[in-house]
Amino acid sequence: MDLLSDQGLRLDGRRANELRKIRCKLGVFEQPDGSAYLEQGNTKVLAAVYGPHQVRGRGQKAIHDAVLVNCQYSMATFSTGERKRRPRGDRKSQEMTMHLRQALTAAIRTELYPRSQIDIFLEVLQADGGNYCACVNAATLALIDAGIPIREFVVACTASLAGGDNCMPLVDISHLEETSGGSNLTVAAMPISGQVVLMDMSQRFHLDHLKKVMDCAMQGCRDVYEILDRALREYLTEVGSSSAWGSVDISTQRILQVVEPNTEDT
């Protein structure tokens, strides 16, 4: 299957360096300390964060100098075309949970909450490729909504390679492109510092092509960061406006008149 047409368009009409449309919303639930909903193309994810709180759960041991980050990844039974018998607990979900914990722990300032625990729950409502990336991006927003200090944004993006003479790298791979048989590269990074916290390849890349695919994924991470940062700023502006933050203007003269009434009348 050709992933790139002669006109330079992919199977879904995007250019090679074009992300899928990203929509996100923070504070979607009241019960968790932080929550977020994110759509990346047709992949839809919910993230909820609880904590920091006392370490709970069987087999969980507190870390004396850092917080314990507990992740749980699951997919809704209706998230794919075929109904999933085990939405969580299978080998794929356990591997995804481990990779999510690795990326998010690298961003959280774990030293600020010793002997504590942070729970991060991620639910894929609809899967259309890039599930891990959408979960990382949604979890980052949920952590910020919960007020948990992070070193910087951690975001993730995928990249692949279109066949042909030019071997054009493709960013933000959809499910159809994932299952086409080519190699896929997943990168989780902190784009401000350029630090890579996780890199995973479905198959081997030729050494001549690895660098340009890696650069494509890193540029995708930077583009995702710009989108999430803009959405976060709009959300904070909206929350601040609804609470009249920054809109109350009380002059010093008026305050002095209230505190120190005019003594001439007495």
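A: Ten salt bridges are counted in this predicted model. One joins the side chains of Asp 172 and Arg 14, at 4.0 Å from N to O. This pair ties together distant parts of the chain, 158 residues apart. Asp 172 lies in the loop between strand S7 (169-171) and helix H3 (175-178). Arg 14 lies in the segment before strand S1 (22-26). Both Asp 172 and Arg 14 are buried.

Arg 14 has another partner. Its side chain also meets that of Glu 177 in a salt bridge, at 3.6 Å from N to O. Glu 177 belongs to helix H3, and 163 residues separate it from Arg 14. Glu 177 is buried, as is Arg 14. These residues are part of a network of salt bridges that links Arg 10, Asp 12, Arg 14, Arg 20, Asp 172 and Glu 177. In general, side chains of opposite charge can pair when their charged atoms come close.

Now a pair in another setting. Glu 111 forms a salt bridge with Arg 151, with the closest N and O atoms 3.2 Å apart. This pair, too, links distant parts of the chain, here 40 residues apart. Glu 111 is in the loop between helix H1 (91-107) and strand S5 (116-126). Arg 151 is in the loop between helix H2 (131-145) and strand S6 (155-161).

The largest nonpolar core has 63 residues, and Ile 120 and Tyr 132 have the most contacts inside it. A second, separate core has five residues, including Leu 3, Ala 16, Leu 170 and Ile 173. In soluble globular proteins, nonpolar side chains tend to be buried together. Beyond four places in sequence, Ile 120 touches Ala 48, Val 49, Val 69, Asn 70, Cys 71, Gln 72, Leu 104, Ile 108, Ala 139 and Leu 143.

Tyr 132 also turns up among the contacts of Thr 186. Thr 186 is in strand S8 (residues 184-190). It counts as buried, because its relative accessibility is 16%. Its other contacts beyond four places in sequence include Cys 133, Cys 157, Leu 198 and Asp 200.

What about covalent links between cysteines? The count of disulfides is zero. Cys 216 shows why: its sulfur is 7.1 Å from the closest cysteine sulfur, in Cys 157, too far for a bond. Cys 216 is buried, at 12% relative accessibility. Cys 24 is partly exposed, with a relative accessible area of 23%.

Now the chain as a whole. It has five helices and nine strands. Along the sequence they run β-β-β-β-α-β-α-β-β-α-β-β-α-α. Of its 266 residues, 44% count as buried. Among contacts with a separation of 6 or more, 66% join residues 24 or more positions apart. The accessible surface comes to about 15,200 Å², and carbon and sulfur atoms hold 48% of it.

Finally, confidence. The chain averages a pLDDT of 86, and 86% of the residues score at least 70. Residues 247-261 stay under 50. For that stretch the model has one contact beyond four places in sequence. Where pLDDT is low, the predicted coordinates should not be read in detail.

Terms used
Residues numbered from 1 in each chain as written. Predicted model: local features only at pLDDT ≥ 70, side-chain atom pairs only at ≥ 80, totals over all residues. Heavy atoms only, no water. pLDDT = per-residue confidence, 0-100. Contact = heavy atoms within 4.5 Å. Core = buried A, V, L, I, M, F, W, Y, C linked by side-chain atoms within 4.5 Å. Buried < 20%, exposed > 50% of the residue type's maximum accessible area, 1.4 Å probe, protein only. Disulfide = S-S within 2.5 Å. Helix = DSSP H or I, 4+ residues; strand = E, 2+ residues; numbered from the N terminus. Areas by Shrake-Rupley, 256 points an atom, 1.4 Å probe, with all protein chains shown as cover.
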